[in-house]
Amino acid sequence: IYDSMKTVADIEPTITFPPLEVYWSPDNNASSGAVEDGDLGSSFFQIPNEIYILGDEDSDTDEYDRHVIAHEWIHYFEDNFSRSDSLGGSHGVDDQLDMRVAYSEALANALSGIIAGDAVYRDSDSFWPYYGWSMDMESNYSYNPGWFNEGSIQSIIYDLYDSQSDGVDNIALGFGPILNTLTSADYINDDYQISIFSFTEYLKAQQPVTNVTKIVNLVNAQQIYGTGTDGSDETNDGGIASVLPIYTPIFANGPSKQVCYDNNSGVLNKLGNRSFLVFDLPSAGIYTIALTPVSAASASLDADLAIHKQGVTIGRDYSPGYNGRADLYISLTTGKHIIEAGVWDPDQMTPLGNYCFNVEITN
């Protein structure tokens, strides 16, 4: 943790870190349950400024794992000095994830390598039979490459930092430009949900044209093609057609727009579990946002609805669904807003498939 703080303070020597509480015990284990009993599930960060670290020697001993601890510290850093819109939840380098989860976890992985001075992320485990696992963030191979894959994104971020050239990686920015991007007001206050698109767009804005081309080549090599902080013109759908475009434009008092829930990559925080719409209000007022099913199959689901403005959730309907509907009656100001539509199905009871809903805004 000291090394994490020093890595940032070397670039920003006047920075002041809010108090951080770190909870470790040899009773902290990988079972899910009551945190007060040590049943953590995994090491994690939670608001406000708390990190919980596994310590059961017969299960998982994260107090030995520099990358794991630095990873969780980066989530603390995001919350206090930058921005994250991540849902959290389970994730892996081969998963197709919600873009916000993929980016936040990849950022924490890549920066842990920078802090530890080691591109090989290591996580010790039980003594027998596995010992632990590792992954080389210098590797440019990803099983499911794209804007939804943390393996792709951590490779991009680490390659932007390091001085080793490999493949299309012929750029070495060091940590300064990365930190400056993460803490910039434009990045923190962006209208869209924070993702790899947000990061690369604001990083490119700092760089000369020659470096911009190198960044684009690095990103394209991971099959990420979208431009702008909204990822417009992205063509890689990961095999789930309904996820593109990433943001569907919609207008108040205009026609409804269709979005879909897909659980073929998993549930809760995976690619296709959430759809995004964007609208720009010319005038403030009271608005109704309605999410309605387009089929009997969709009507059987527990639909959820949220609205965000510059990363702040200003309204939501997460109540148990009624005939697949979700509704918000809310006072909104002018400017861009993001609607997030999804389905609550933590036990993956919904048969694999694509389930669609209509979204409408009226006042």
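Seven of the eight residues of strand E8 (residues 274–281) are buried, so the strand is largely enclosed by the rest of the structure. Here, buried means under 20% relative accessible area, whereas exposed means over 50% and partly exposed lies in between (1.4 Å probe, protein chains only). Helices (H or I, at least four residues) and strands (E, at least two) are DSSP runs, numbered from the N terminus.

Strand E8 is joined to strand E6 (residues 247–249) by three bridges, and these two strands run parallel. Within E8, Phe276 is the bridge partner of Tyr247. Eight bridges join E8 to strand E13 (residues 335–343), and this pair runs antiparallel. Phe276 has Glu340 as its bridge partner in E13. Two strands are said to pair if DSSP finds at least two bridges between them. In general, the strands of a sheet pair through backbone hydrogen bonds, either parallel or antiparallel.

## Basis of the description

This is a predicted model, in which local features need pLDDT of at least 70 and side-chain atom pairs count only at pLDDT 80 or more, while totals for chains, interfaces and linings use all residues. Residues are numbered from 1 along each chain as its sequence is written, and side-chain values use heavy atoms, with hydrogens and water left out.

## The disulfide

A disulfide joins Cys260 to Cys356, with an S to S distance of 2.0 Å; the term refers to a pair of cysteine sulfur atoms within 2.5 Å. By this rule, the count comes to one disulfide. The pair links distant parts of the chain: Cys260 belongs to strand E7 (residues 257–262) and Cys356 to strand E14 (residues 354–362), 96 residues apart.

The torsion about the S-S bond of Cys260 and Cys356 is about 90 degrees, so the disulfide is right-handed. Cys260 counts as buried because its relative accessibility is 11%. Cys356, at 13% relative accessibility, also counts as buried.

## An open sheet of three strands

An open sheet of three strands has the order E1-E3-E2, with mixed pairing. Strand E1 (21–24) and strand E2 (44–46) stand at the edges, each with a single partner strand, so one side of each is left without a neighbour in the sheet. From one strand to the next, the twist averages 20 degrees.

Strands E2 and E3 (residues 50–53) run antiparallel and are joined by three bridges. Glu50 in E3 is the bridge partner of Gln46. Helix H2 (residues 66–81) lies across E2 and E3, running at about 20 degrees to E2. Axes are lines fitted to C-alpha atoms, for helices over the stretch in contact, and angles run from 0 to 180 degrees between N-to-C directions.

## Packing of the helices

How do helices H3 and H4 pack, and at what angle? Helix H3 (residues 99–116) and helix H4 (residues 150–161) pack at an angle of about 40 degrees, with their axes 8 Å apart. H3 and H4 are therefore oblique to each other; angles under 35 degrees count as roughly parallel, over 145 as roughly antiparallel, 65 to 115 as roughly perpendicular and the rest as oblique. Residues making the contact include Ala102 and Tyr103 of H3 and Ile153 and Tyr161 of H4, where contact means heavy atoms within 4.5 Å.

Eight of the ten residues of helix H7 (residues 196–205) are buried, so H7 is largely enclosed by the rest of the structure. Among them are Phe197, Phe199 and Tyr202. The buried residues of H7 pack against H3, H4, helix H5 (176–182), helix H6 (185–188) and helix H8 (209–220).
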